[in-house]
Amino acid sequence: MTTSDQHIDELMDQYPPKPEYLIGLLQDIQDQQGYISYGAMLLASEHTKVPLSQAYSVATFYQSFRLDPPGEHEIKVCLGTACHLNGGQQLVDGLSRKLQIEPGETTDDMMFTLSTVNCVGACAIAPVAVVDENYHAGATMQKLEREMRKVIDLSSDKIMGEPNA
Ligand code: FES
């Protein structure tokens with residue numbers, strides 16, 4: 001059993017083994033691991049006595065569940081009405097071209113995950129993009145490319161700063 005499975009076991013202890021607790025358990029697993037792995041889904045399905053295929057249907061129905069590991073950095077582009085009217089979709093298209101992924105996907109190097117969201121509550125500064133936890137007002141491709149270079153530099157500094165194993 002991996003450390004990660006042990007953590008999931010601890011989470012499951014908090015939930016009665018009943019189908020109605022599947023969503024809460026999946027949310028907790030995602031909060032802890034950043035996504036729901038196949039192994040975690042299997043454990044959650046067995047624990048709540050929900051057939052695996054049904055548990056997957058539930059997880060894919062809710063957009064907030066992620067079934068693949070996220071990249072090191074997440075770029076979320078708001079496509080709520082105000083952002084859409086102010087160029088949100090062009091940002092998504094530009095980022096898709098730049099990163100060569102579609103929304104919901106992660107780059108091959110696991111550096112960036114691109115996603116879209118519906119209104120992050122900052123309509124006055126549309127279009128808005130959120131890189132990791134940082135909101136970018138009046139986002140443009142130029143600004144976002146600058147931010148992406150910055151986070152890549154920070155990531156490589158982090159790696160370079162690690163002691164040799
Ligand atoms: S529509 Fe984008 S912040 Fe509200």
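Strands are taken as paired if DSSP finds at least two bridges between them. The structure is a predicted model, in which local features need pLDDT of at least 70 and side-chain atom pairs count only at pLDDT 80 or more, whereas totals for chains, interfaces and linings use all residues. Residues are numbered from 1 along each chain as its sequence is written.

The secondary structure of the chain comprises 7 helices and 4 strands; these are DSSP runs numbered from the N terminus, with helices being H or I of at least four residues and strands E of at least two. Read from the N terminus, the order of elements is α-α-α-α-β-α-α-β-β-β-α. Along the principal axes, the C-alpha atoms of the chain fill a box of roughly 50 × 45 × 25 Å. The domain assignment gives domain 1 (3-61) and domain 2 (73-161), with bounds that come from an automatic or database domain assignment. The C-alpha centres of domain 1 and domain 2 are 29 Å apart.

The strands form an open sheet of 4 members in the order β2-β1-β3-β4, with mixed pairing. At the edges stand β2 (112-117) and β4 (134-136), each with a single partner strand, so one side of each is left without a neighbour in the sheet. On average, and with direction ignored, neighbouring strands of this sheet are turned by 20° against each other; axes are lines fitted to C-alpha atoms, for helices over the stretch in contact, and angles run from 0 to 180 degrees between N-to-C directions. Strand β1 (residues 73-78) pairs with β2 in the parallel sense over 6 bridges. Within this pairing, Glu-74 stands opposite Thr-113 in β2 and Val-77 stands opposite Thr-116 in β2. Helix α6 (residues 88-99) packs on the sheet and touches β1, β2 and β3 (129-131), its direction making about 150° with that of β1. Contact here requires that the C-beta atoms of two residues, placed from the backbone, lie within 7 Å.

Two helix pairs were examined next. Helix α2 (residues 22-33) and α3 pack at an angle of about 155°, and their axes are 10 Å apart. The two helices α2 and α3 are therefore roughly antiparallel to each other; angles under 35 degrees count as roughly parallel, over 145 as roughly antiparallel, 65 to 115 as roughly perpendicular and the rest as oblique. The passage of α2 across α3 is a right-handed crossing, the term applying if the near helix is turned clockwise from the far one by less than a right angle, and left-handed if anticlockwise. On the α2 side the contact is made by Leu-22, Leu-25, Leu-26, Ile-29 and Gln-33, and on the α3 side by Ala-40, Ala-44, His-47 and Thr-48. By class, the contact of α2 with α3 has 6 nonpolar, 3 polar and no charged residues, where Ala, Val, Leu, Ile, Met, Phe, Trp, Tyr, Cys and Pro count as nonpolar, Asp, Glu, Lys and Arg as charged, and the others, Gly among them, as polar.

The axes of helix α3 (residues 38-48) and helix α4 (residues 52-61) come within 9 Å and cross at roughly 115°. Helices α3 and α4 are therefore roughly perpendicular to each other, and α3 passes α4 in a right-handed crossing. Met-41, Leu-42, Ala-44 and Ser-45 of α3 meet Leu-52, Ala-55, Tyr-56 and Ala-59 of α4. This contact of α3 with α4 has 7 nonpolar, 1 polar and no charged residues.

Two backbone features lie in loops. Most residues other than glycine have a negative phi, and most peptide bonds are trans. Gln-100, found in the loop between α6 and β2, has a positive phi near 60°. A cis peptide bond, with omega of about 0°, joins Ala-126 and Pro-127, and Pro-127 is found in the loop between β2 and β3.
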